[in-house]
Amino acid sequence: MPVTDRQTLTFDFSPVDGSPPVEWVIEDTLIDYELAVAEMERHVAALSNGEAAERVWLLEHPPLYTAGPRADEADLIAPDRFPVFKTGRGGQYTYHGPGQRVAYVMLDLKRRKQDVRAFVAALEAWIINTLWSYHVRGERREDRVGVWVQRPERSATSEDKIAAIGIRMRKWVTFHGISFNVEPDLDHFSGIVPCGVQEHGVTSLVDLGIPVTMAENDMVLRAEFEKIFGPTVSAG
């Protein structure tokens, strides 16, 4: 539900002086998961070798489930519903599909802070501040990764997940990133126990009554990203 008391997180994860802007790439078609991972691998290798710029790659996938290293097979409720891909990013089972903005974040932390916890906190702050642009309070939880929204209209303890975070790192270069629910089919999440959390649900901006388009939300994401991570440049 929208709230009126302001909550903005101040966080600085900007690069050292002289680093070029982060490439900001938006895809306008659905991208197959395996192709996306292969492209991330290629770009991360080039970035590690000083042959590519840092990049945030925004896209949508066809409906699918991913299984992180800690995924419990019992949490895959409908194994035949959508394709299931094993993934090297942290976490358990997640859903990706149309209406969900996936942002693959490829940054060289040697140019920033070589601190994994601080990087995850910066990603959380990015999502929370984006939500606050719609006067929606997003919150982090010590025992659960991601960003959560309280649903007091249901009960005093009810809350839903609106964004997931799953990262991987190689030689201090990051990849994978965040998935932010703008207007996905929330029923598609019912084929898994998202991130192994059974007692809470999932939501989206549109489900919360925020009639925003993907393109509009991309502009907010970019503005809030730059406040934390520094300037971007359109590429593609």
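A nonpolar core here is a set of buried Ala, Val, Leu, Ile, Met, Phe, Trp, Tyr and Cys residues joined through side-chain atoms within 4.5 Å, where buried means under 20% relative accessible area, exposed over 50% and partly exposed in between, with a 1.4 Å probe and protein chains only. You're looking at a predicted model, in which local features need pLDDT of at least 70 and side-chain atom pairs count only at pLDDT 80 or more, while totals for chains, interfaces and linings use all residues. Residues are numbered from 1 along each chain as its sequence is written, and side-chain values use heavy atoms, with hydrogens and water left out.

1. **The main core.** The largest nonpolar core has 39 residues, and those with the most contacts inside it are Val56, Phe119, Leu123, Trp126 and Phe229. At least two residues of this core come from each of β1 (22-30), β2 (55-60), β6 (100-106), α2 (116-132), β8 (144-150), β9 (159-170), β10 (173-181) and α3 (214-229). Helices (H or I, at least four residues) and strands (E, at least two) are DSSP runs, numbered from the N terminus. The largest share of the core, 9 residues, belongs to α2. Apart from this core there's another, of 16 residues, with Ile31, Trp57, Leu59 and Met106 among them.

2. **Helix α2.** This helix has 17 residues and spans 24 Å from first C-alpha to last, close to the 24 Å expected at 1.5 Å a residue (the expected span is 1.5 Å times one less than the number of residues). It's mostly covered, with 14 of its 17 residues buried. At its start, a side-chain oxygen of aspartate 115 comes to within 3.1 Å of the backbone nitrogen of arginine 117.

3. **Aromatic pairs.** There are 12 aromatic pairs in the whole structure; rings of Phe, Tyr and Trp (its six-membered ring) pair if their centres lie within 6.5 Å, with planes under 30 degrees apart counted as stacked, over 60 as edge-to-face and the rest as tilted. Take tryptophan 24 and phenylalanine 225: their pair is tilted, at 5.5 Å centre to centre and 55 degrees between the planes. Tryptophan 24 sits in strand β1 and phenylalanine 225 in helix α3, so the pair ties together parts 201 residues apart in sequence. Both tryptophan 24 and phenylalanine 225 are buried. Ring pairs also link Phe13, Trp24, Phe119, Trp126, Phe225 and Phe229 into a cluster.

4. **A second ring pair.** Tyrosine 95 and phenylalanine 189 have ring centres 4.9 Å apart and planes at 65 degrees, so this pair is edge-to-face. Both residues of the pair, tyrosine 95 and phenylalanine 189, are buried.

5. **Phenylalanine 229.** Not counting residues up to four places away in sequence, phenylalanine 229 touches Phe13, Ser14, Pro15, Leu107, Arg112, Phe119, Ala122, Leu123 and Trp126 (contact means heavy atoms within 4.5 Å).

6. **Glutamate 54.** A polar atom of its side chain lies 2.8 Å from the backbone nitrogen of aspartate 108, and the glutamate 54 side chain makes a polar contact with that of arginine 112 at 2.9 Å. A polar contact is a pair of N or O atoms within 3.5 Å; within protein, one must be able to donate a hydrogen and the other to accept it, and residues adjacent in sequence count only if both atoms are side-chain atoms.

7. **Strand β6 and its neighbours.** Leucine 59 has valine 102 as its bridge partner in β6, while tyrosine 104 is partnered by glycine 177 in β10.

8. **Leucine 58.** This β2 residue counts as buried at 0% relative accessibility. Leucine 58 and arginine 101 are 43 residues apart in sequence but 6.7 Å apart in space, C-alpha to C-alpha.

9. **Strand β3.** Both faces of β3 (residues 64-67) are covered, with Leu64 and Thr66 on one side and Tyr65 and Ala67 on the other. β3 runs antiparallel to β5 (residues 93-96), joined by 4 bridges, and pairs in the parallel sense with β4 (residues 84-86) over 3 bridges.

Conventions. Two strands pair if DSSP finds at least two bridges between them.
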